[in-house]
Amino acid sequence: MTDGPGRLPVESEPRTLDLDRADAYGRSFADVYDRWYHDISDADATARFVARRCRGGPVLELGVGSGRLARPLAALGLSVIGLDGSAEMLDRCRRAAGPGSISLVRGDMRALPFRRSQRGSSTGVIGGALIAFNTLFNLTSEAEQFSLLSEVAGLVDHRGAIIIETIDVSPLLVGPSRSIGVRDRDRNGLVVTATRLDVEARTITGQHLEISDRGVSIRPWKLRWLTTDHLDRLTASAGLRLTERHGSWTEQPDEAHPDTHISVYRRAEGP
Ligand SMILES: C[S@@+](CC[C@H](N)C(=O)[O-])C[C@H]1O[C@@H](n2cnc3c(N)ncnc32)[C@H](O)[C@@H]1O
């Protein structure tokens with residue numbers, strides 16, 4: 001590989017990934033996550049929103065990533081457990097948060113490593129759960145999404161809440177099943193995005209091709225989207241009921257921000 005004028009070094013090992021692995025997202029994005037997404041949403045407002053609703057034990061953040069949300073939660077004095085499938089993401093979280101402030105667990109959302117509370121008991125083992133920034137969509141089949149919601153419903157205290165942030169993916173669903181977008185993601189780089197749509201399976205498989213002064217990186221990803229109607233049906237089958245829906249972490253009405261939905265669910269048999 002030559003790095004002469006006009007030439008860019010290309011990564012010697014392109015990222016070909018099994019996109020259904022629990023660490024697939026982290027392998028694609030851990031090195032750029034904080035640079036690209038540190039201000040994707042209001043992390044302090046998220047922490048305040050969650051702290052007001054989660055009682056009766058620690059807050060479990062599923063897909064804690066680099067700790068963007070877990071750190072402000074811990075700073076409010078909450079006990080936080082962060083689960084993630086990516087060792088790289090967890091390393092970043094550990095380094096940024098400092099030792100001991102967040103309990104980090106490496107695990108797969110498809111097989112949570114926590115023991116449920118006894119059936120029929122109103123006391124849960126967690127005071128609440130946060131599944132933010134489309135993390136639920138990283139599970140790419142309905143069975144996996146349902147299984148996670150059922151597991152979390154069996155863990156949460158009857159006074160607690162399961163808080164799920166999803167985006168409206170309809171802008172990604174127009175046109176033919178392939179699209180290419182180009183955007184500047186940082187000062188010295190450019191990202192070309194190509195996506196492939198499977199309407200029946202409700203999945204979007206994409207590649208971000210990043211071209212920067214560090215070379216060319218291919219960052220594959222896959223998501224399975226849910227509308228709020230789908231989400232409400234799935235959560236109801238998992239024994240949860242919707243108690244609030246907002247369009248932002250500062251509780252603006254859902255209709256005011258049709259691109260973001262923050263849904264709060266509680267145990268169906270709770271108060
Ligand atoms: C979109 S990021 C969100 C990170 C963080 N919650 C935030 O808002 O900044 C999704 C996270 O979920 C993790 N993840 C994806 N699939 C997973 C799985 N099957 N099990 C555990 N973690 C998973 C990824 O490694 C990544 O850190």
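Buried residues make up 36% of the 271 residues in the protein chain. The model is a predicted one.

Me: What makes a residue such as T46 in helix α3 count as buried?
Reply: The cut-off is 20 or more other C-beta atoms within 10 Å of its own. T46, A47, F49 and V50 of α3 (residues 43-53) are buried, so each of them meets that cut-off.

Me: How do you know where on α3 these buried residues lie?
Reply: Look down the axis of α3. The buried residues fall within an arc of 165 degrees, so they line one face of the helix.

Me: What do the buried residues of α3 pack against?
Reply: Their partners are β1 (59-62), α4 (70-75), β4 (126-131) and β5 (156-167).

Me: What makes up the largest nonpolar core?
Reply: This core has 57 residues, and A70, A129 and I162 have the most contacts inside it. Strand β5 gives the most to the core, with five residues. At least three residues come from each of domain 1 (34-168 + 226-267) and domain 2 (170-224).

Me: Which residues are closest to the ligand, and how many surround it?
Reply: 20 residues surround the ligand, and G63, G65, G85, S86 and F133 are the closest. By class, the shell has eight nonpolar, eight polar and four charged residues.

Methods. Residues are numbered from 1 along each chain as its sequence is written. This is a predicted model: local features need pLDDT of at least 70, side-chain atom pairs count only at pLDDT 80 or more; totals for chains, interfaces and linings use all residues. A residue is near a molecule or strand if its C-beta atom, placed from the backbone, lies within 6 Å of it. Ala, Val, Leu, Ile, Met, Phe, Trp, Tyr, Cys and Pro count as nonpolar, Asp, Glu, Lys and Arg as charged, and the others, Gly among them, as polar. A residue is buried if 20 or more other C-beta atoms lie within 10 Å of its own, exposed if 12 or fewer, and partly exposed in between; C-beta atoms are placed from the backbone. Helices (H or I, at least four residues) and strands (E, at least two) are DSSP runs, numbered from the N terminus. The arc is that of the directions from the helix axis to the C-beta atoms. Two residues are in contact if their C-beta atoms, placed from the backbone, lie within 7 Å. A nonpolar core is a set of buried Ala, Val, Leu, Ile, Met, Phe, Trp, Tyr and Cys residues joined through C-beta atoms within 7 Å. Domain bounds come from an automatic or database domain assignment.
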